[in-house]
Amino acid sequence: MARELTLQEIAERVKGEIIGDPSLIIKGIQPIETAESGYISFLSNPRYKSKAIITRASAIIVSKETEIEGKNLIRVENPYLAFAFVLELFHAEDYTPLGISEWAQIGKGCKLGEKLSVHPFVFIGNDCSIGNGVQLFPGVSIGDGCVIGDDTIVYAHVSIYKRSRIGSRVIIHSGTVIGSDGYGFATDKGKHHKILQLGSVVIEDDVEIGSNCSIDRGTMGVTIIRRGTKIDNLVQIAHNVVVGEDSLIVAQVGISGSTELGKNVTFAGQAGAAGHLKIGDGAIIAARSAVFEDVPPKAFVAGYPAVDNMKWKRAQITFNRLPEFREEIKQLKKRIEELEKIVKKEGG
Amino acid sequence: MARELTLQEIAERVKGEIIGDPSLIIKGIQPIETAESGYISFLSNPRYKSKAIITRASAIIVSKETEIEGKNLIRVENPYLAFAFVLELFHAEDYTPLGISEWAQIGKGCKLGEKLSVHPFVFIGNDCSIGNGVQLFPGVSIGDGCVIGDDTIVYAHVSIYKRSRIGSRVIIHSGTVIGSDGYGFATDKGKHHKILQLGSVVIEDDVEIGSNCSIDRGTMGVTIIRRGTKIDNLVQIAHNVVVGEDSLIVAQVGISGSTELGKNVTFAGQAGAAGHLKIGDGAIIAARSAVFEDVPPKAFVAGYPAVDNMKWKRAQITFNRLPEFREEIKQLKKRIEELEKIVKKEGG
Amino acid sequence: MARELTLQEIAERVKGEIIGDPSLIIKGIQPIETAESGYISFLSNPRYKSKAIITRASAIIVSKETEIEGKNLIRVENPYLAFAFVLELFHAEDYTPLGISEWAQIGKGCKLGEKLSVHPFVFIGNDCSIGNGVQLFPGVSIGDGCVIGDDTIVYAHVSIYKRSRIGSRVIIHSGTVIGSDGYGFATDKGKHHKILQLGSVVIEDDVEIGSNCSIDRGTMGVTIIRRGTKIDNLVQIAHNVVVGEDSLIVAQVGISGSTELGKNVTFAGQAGAAGHLKIGDGAIIAARSAVFEDVPPKAFVAGYPAVDNMKWKRAQITFNRLPEFREEIKQLKKRIEELEKIVKKEGG
């Protein structure tokens, strides 16, 4: 795995401009604070330029306008993106298909692609279609009639219920459940009768889902996670939710039934949304916030219930001073009483 | 699976009154907005009657008082319940037992019922009792001395620790853990010594538990989920909790140790309760609320910490206007000072 | 399992002083309210002394200063700790190694200790080191290059990703995931590019982790759970987090990336912390609180965002009286207007 690359080779990958020696040999990428000589680092925020001046790294990836005297630089538009690419240059592992373990169980009528890695204790039901280059880690369970696209990675103990459709280049981490029944009951005289959950789940291409998430199937239609969306751990996606393209759903978020998220929506950690809402394109829901009504596109909301982020911040700052206000109101009252006594007396 | 039924047959199942043609052939049930001709739909909320007027559905299940000109109707007391029944009429799958996979492992001294479906990679410990018609999906793990009642369905990768007792017609979704150790430690000079968790878990009949839930065993006694309760995904039930009959526990709720819920209690999404509390029959805990003291029967509480819902709502509305109040108090202060100057001068 | 011990034997184990008959035969330990004759119980809080007076228990473990007339007592410094020890005296099961199941799959180049219990459907990758006395329950999955210390217990369906290092006497409950990828993406023009997660996870000795937790691997360095820390269920630990020694992380807590907890930190249930924070030694974060800035050692914080607990409590109490304040401000305004009218008239 020990690769060595020239600054020139790295600059080509990240489409950057070299300031310094293109033939410099680079052994890897390291964080700017702890980088050693021979390594490249990156500075994504020009505010931390002082770190770049004292780093021992032999080269630094910086943004276009950044100058650092006496250092080898690669200037790029987005240093953090370049960091992602350089990590891959040095560390992306070649994929070696392991084939299908004798300890896996595959149902009837399945179409299996090439270059698979199907580990021991994997269960695949009947009539499934598994694309090329798919990796199924130990104990993955896939129900009848599922479709999984090319180069998708499903880690250990993921449970995929019947008729789920997973795209290509999807990554699903351990313990996540795709297609469990939505939470639907008709209550009659205090008893809860199950509404059969007949729909399914669609996960589009290039989605990544963290560990121990729950994504329920639709009641009659589908629950959809659209292309490019990234979901963190322990997230709840209820039945018939639609998550738009390229959205970010951070850990422990819960989205209730039939709520629809637009494109590029962000739900920060531990946030939540009630059911049947529309969250507009580009909206940001702050960490721990709870959304109980529609959110317009590009809005940034916070609080419980969530309101405009600036509005919430102002209210929240005031909140901690509430006891002072109580005291002030008390004092004002006294002063008014005093005034009233005097004025009345005079008036009388 | 393609069934066809007459309006008469459907009306009989839902104990409804037909307004229209009893011999009408119905091919299935669809949502009112997207229903096609030949299908039946339902209108649970008379407010949306306009949808029922323009739907292409050939028949509609409505509540007793509802009239819709020129449509075939079935009038029932609870249209949503009727919807649940009609879904079953059309879609309930006949259960075909698969028997016991050769790739399952079953311990010594187990009593196994008839008509089982035990999938590959299921593990059953010693001295377990498994009822008739039980379905154990791939990778289910059941510890020693467990009891599982008739017709219970346990989905993939559910872990059931030793000595758990699960009733009949229970449904447990993937990734859920029943009977893990409660969180109990005796702290001495900063070190935490484990309290052995010697109790167990009882799940009564007709309970449904979503995916990736954690239900801990009692420390000495039992943790109980009573008959008919429905639990959503990613829910935490701590040691020695009692959840009363026919309760609803929505996704990502957490109930702390030894708290007891009465019958028909509702915890909405992401709510929580501290330990050693009593939550009365029929109480409702609003979404995202945190309960830190006992809740009387039929109370509806909200907030952090939770108080009467109307009280919380009024305070919450005011909360967002806090910066205005601050400004108003400031202005009042000025005006009082002004008054004081004048009055003092006059008085002087 | 039915053991009988003398009061003398119990007192020796808990280093206590006997008040009463050392030769008294004790059959077990039971809660003070429900204890039967022949059993010992404990009183951890002297406030509940009345329970100790009427209990049917034959002996009671009490704190040093406690006197209860006519009862056999064992006096100790920490009765709750003594309770933990006495539970073990009566109930600790002797460990009988089951060996390695023929239904387990073990990779190449592994070093396996003695006295193992490797259940069916366990998967161990290549080049792992498994210590003595390790118990791996059904369906545990361990990636390549992992190390597991002596006497560690890993329950069913735990997923341990490659290169994780788990200490000795660690307990990990079912469904927990160790070493899944951290949530790291470089966003460029609305698309999210994965940052390879190349680091790993270290779990030190004597840690206990509940069920369905997610502990992500570091991006480049490590995520560390230090010695003696106890984690409850459904907890999220993000990449590069450090949890200090002997900390308590209660159910459904989420700690964001690169946040560092000192020693003996407590996060109560459903609390959360933003990323890149320092939480000082001995700090306590109240249930459901959300920390958005550094917390000094020994601080006790609460709220959203979290502030000093007493400050939050005072503000919170006032919060519920906000509508009253609104009314009071209104009234004060009227009275000021009245005064202004009078004073102006007089002044004019």
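The centres of domain 1 and domain 2 of chain A are 37 Å apart, taken over C-alpha atoms. Domain 1 of chain A covers 5-91, and domain 2 covers 99-310. Those bounds come from an automatic or database domain assignment.

A word on what you are looking at. This is a predicted model: local features need pLDDT of at least 70, side-chain atom pairs count only at pLDDT 80 or more, and totals for chains, interfaces and linings use all residues. Residues are numbered from 1 along each chain as its sequence is written, while chains are lettered from A and ligands numbered from 1 in the order in which they are written.

How confident is the predictor? Chain A averages a pLDDT of 95, and 99% of the residues score at least 70. That score is the predictor's confidence in each residue, from 0 to 100. The model has ipTM 0.94 and pTM 0.96.

Now, how do the chains relate? Two copies of a chain are related by a rotation about an axis and a shift along it. Chain A can be laid on chain C by a turn of 120 degrees and a shift of 0.0 Å along the axis, with an RMSD of 0.1 Å. That is the relation of a three-fold axis. Chain A on chain B also takes a turn of 120 degrees, with a shift of 0.0 Å and an RMSD of 0.1 Å. Copies are superposed by least squares on the C-alpha atoms of residues with pLDDT of at least 70 in both.

Next, the contacts. Two residues are in contact if their C-beta atoms, placed from the backbone, lie within 7 Å. Between chains A and C, chain A gives 56 residues and chain C gives 50. Helix 5 (322-347) of chain A is one of the elements on that side. Helices (H or I, at least four residues) and strands (E, at least two) are DSSP runs, numbered from the N terminus.

Turn to chain B. Here 50 residues of chain A are in contact with 56 residues of chain B. Which element of chain A gives the most to the side that touches chain B? Helix 5 of chain A does, with nine residues. Strand 22 (191-194) of chain A supplies at least two.

A:K194 sits in that strand 22. A:K194 touches A:F185, B:A84 and B:E208, not counting residues up to four places away in sequence. A:K194 is partly exposed, with 18 other C-beta atoms within 10 Å. The cut-offs: buried is 20 or more other C-beta atoms within 10 Å of a residue's own, exposed is 12 or fewer, and partly exposed is in between; C-beta atoms are placed from the backbone.

Which residues of helix 1 (residues 7-14) of chain A are buried? They are A:L7, A:I10, A:A11 and A:V14. They cover an arc of only 100 degrees around the axis, so they lie on the same side of helix 1 of chain A. The arc is that of the directions from the helix axis to the C-beta atoms.

Last, the backbone. Most residues other than glycine have a negative phi, and most peptide bonds are trans. A:K15, which follows helix 1 of chain A, has a positive phi near 50 degrees. The peptide bond from A:Y304 to A:P305 is cis, with omega near -5 degrees. A:P305 is in the loop between strand 38 (300-303) and strand 39 (306-308) of chain A.
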